[in-house]
Amino acid sequence: MVTQPPERLLRTILRVLLVAFLAIVGCNPASKATHMKDAQQTKNPYYSRTDTTKLNVPDATWKKILPADVYAVAREKDTEYAFTGKYWNFEGIGTYYCAVCGNKLFRSDSKFASTCGWPSFFETSRPDAVTYQADSSLGVNRTEVLCGRCGSHLGHLFDDGPPPTGKRYCMNSIVLEFEPDDLIHQPRSN
């Protein structure tokens, strides 16, 4: 019989219990993200986490592919209500992608607690992750943030964020998809 040192055995037991608990209560973000990713990829032929080629897909096509609530925000520039989105106060560690096309947008280490009611970031994952467009639709001059790959509306950019950029990317949760860093399967340090 192979025995493990007590601390290694304890870590293994704790990991198993944590995974079991999360699976039972339905709060396993890794399985939810994988399920969502699989659903997006089977229903949406334009979805890719690796392809950065700009897309030129007509809204009529997006309307057939996307859920109605995602379409309303992404393509019709709607906004979800403050404090209602799934990521506004979410603190997971990982990467945020465009829910429409899979484009990598933000890392969790650029997310910060904001009182605005939407998930807020101070920088994008790479310079071409998003594009910008002037928006005066509410009679106020704002900067709209669009996905750099599919052109979907994500939210707006403001100059009241924290250092080091002073920017606040105020995004709609519904057009974001979160993939947690895989903490359970990382190599162990002995």
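This report walks through the fold, the aromatic pairs and the salt bridges of the chain.

## Ground rules

The model is predicted, with local features needing pLDDT of at least 70, side-chain atom pairs counting only at pLDDT 80 or more, and totals for chains, interfaces and linings using all residues. Residues are numbered from 1 along each chain as its sequence is written, and side-chain values use heavy atoms, with hydrogens and water left out.

## Overall layout

Four helices and nine strands make up the count for this chain, where helices (H or I, at least four residues) and strands (E, at least two) are DSSP runs numbered from the N terminus. Going along the sequence, the order is α-α-α-α-β-β-β-β-β-β-β-β-β.

The chain has 190 residues, and 39% of them count as buried. Buried is under 20% relative accessible area, exposed is over 50%, and partly exposed is in between (1.4 Å probe, protein chains only). Take the contacts (heavy atoms within 4.5 Å) with a separation of 6 or more: 55% of them come from residues 24 or more positions apart. As for the accessible surface, the chain comes to about 11200 Å², with 58% of that belonging to carbon and sulfur atoms. Those areas come from the Shrake-Rupley method with a 1.4 Å probe, and for residues only the protein chains shown count as cover.

## Aromatic pairs around Tyr96

The ring search turns up 11 aromatic pairs. Rings of Phe, Tyr and Trp (its six-membered ring) pair if their centres lie within 6.5 Å; planes under 30 degrees apart are stacked, over 60 edge-to-face, and the rest tilted. Tyr96 and Phe121 make an edge-to-face pair, at 5.0 Å centre to centre with 70° between the planes. That pair links distant parts of the chain, with Tyr96 in strand β1 (residues 94-98) and Phe121 in strand β4 (residues 120-121), 25 residues apart. Tyr96 is buried at 0% relative accessibility, and Phe121 is buried at 0% too.

Tyr96 also pairs with Phe178: the ring centres are 4.9 Å apart and the planes sit at 55°, so this pair is tilted. Here strand β1 is linked to strand β9 (residues 176-180), which holds Phe178, 82 residues from Tyr96. Phe178 is buried, as is Tyr96. Zooming out, ring pairs join a cluster of Tyr87, Phe90, Tyr96, Phe106, Phe121, Tyr132, Tyr169 and Phe178.

What does Arg49 lie over? The face of Tyr97, at 3.8 Å from the ring centre. A charge sits over a ring if NZ of Lys or CZ of Arg is within 6 Å of the ring centre and within 35 degrees of the ring normal.

Arg49 also forms a salt bridge with Glu177, with the closest N and O atoms 2.4 Å apart. Arg49 is in the loop between α2 (29-43) and α3 (59-65) while Glu177 is in strand β9, so the bridge ties together parts 128 residues apart in sequence. Glu177 is buried, at 0% relative accessibility. Salt bridges with shared partners put Arg49, Glu177 and Glu179 in one network.

## Other salt bridges

The whole structure has 10 salt bridges, each a side-chain nitrogen of Lys or Arg within 4 Å of a carboxyl oxygen of Asp or Glu. In one of them, Arg107 meets Asp181 at 3.0 Å, N to O. Arg107 is in strand β2 (residues 104-107) and Asp181 in the segment after β9, so parts 74 residues apart in sequence are tied together. Arg107 is partly exposed at 24%, and Asp181 is partly exposed at 29%.

Asp135 and Arg142 form another, at 3.2 Å, N to O. Asp135 counts as buried, at 12% relative accessibility.
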